[in-house]
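Please look through the sequence and the structure shown here before reading on.

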Amino acid sequence: FPSHDNGGGLAVVYENGKGSLLQVNNETFLTASEFDSTGFISFGSLAVKSNGSWGAIDLQGRTLMAVQYIDIIPAPKGYHVIRSETGYGVLDPTAVEVVNAIYDRATIYQERFIKLEFAGKTEWFDTFTAQMITPK
């Protein structure tokens, strides 16, 4: 039986500890049983975890973002903070990396901003305007 149903005719089902994306209306599996866990990114995409790393697929099971991140953390306006081997960065609502994962630390503030720190310097990403702010 489905373990998640997004209400749009798609569900994530698990068998033998692996997940697959199932089109509920005609019971068609859209992905191979290849991921360990799922999480919601935004309408039209799912975060998928495999072998300890996260990536994203669309609702047809196509890869949007290779499984490569240590963590994906929800942020305001459909953005996500990512953590990789190289540091923290930001994904936009379509799972595109808009801030490279090079920062030492990332913190979400006031349901709008993502504070990014690197080598003692601070920058802010504004999720309302999709702009980076560098204090003077």
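Is W124 buried, partly exposed or exposed? At 23% relative accessibility, W124 counts as partly exposed, where buried means under 20% relative accessible area, exposed means over 50% and partly exposed lies in between, with a 1.4 Å probe and protein chains only.

This is a predicted model, in which local features need pLDDT of at least 70 and side-chain atom pairs count only at pLDDT 80 or more, while totals for chains, interfaces and linings use all residues. Residues are numbered from 1 along each chain as its sequence is written, and side-chain values use heavy atoms, with hydrogens and water left out.

**The chain and its strands**

The chain has 136 residues, of which 38% count as buried, and its secondary structure comes to 0 helices and 16 strands; helices (H or I, at least four residues) and strands (E, at least two) are DSSP runs numbered from the N terminus.

An open sheet is formed by 4 strands in the order 13-14-15-16, with antiparallel pairing, where two strands pair if DSSP finds at least two bridges between them. Strand 13 (105-109) and strand 16 (131-133) are the edge strands, each pairing on one side only. Within this sheet, strand 15 (residues 121-126) and strand 16 pair in the antiparallel sense over 3 bridges, and Q131 in strand 16 is the bridge partner of D126.

**Aromatic rings**

The structure holds 4 aromatic pairs; rings of Phe, Tyr and Trp (its six-membered ring) pair if their centres lie within 6.5 Å, and planes under 30 degrees apart count as stacked, over 60 as edge-to-face and the rest as tilted. Two of these pairs are set out below.

| Pair | Centre to centre | Angle between planes | Type |
|---|---|---|---|
| Y103 and F118 | 6.4 Å | 80° | edge-to-face |
| Y109 and W124 | 5.3 Å | 55° | tilted |

The pair of Y103 in strand 12 (residues 97-103) and F118 in strand 14 (residues 113-118) links parts of the chain 15 residues apart. Y103 counts as buried at 9% relative accessibility, whereas F118 is partly exposed with a relative accessible area of 39%.

Because Y109 lies in strand 13 and W124 in strand 15, their pair ties together parts that are 15 residues apart in sequence. Y109 counts as partly exposed at 33% relative accessibility, and Y109, F113 and W124 form one aromatic cluster.

Elsewhere, K77 lies over the face of F128, at 5.0 Å from the ring centre; a charge sits over a ring if NZ of Lys or CZ of Arg is within 6 Å of the ring centre and within 35 degrees of the ring normal.
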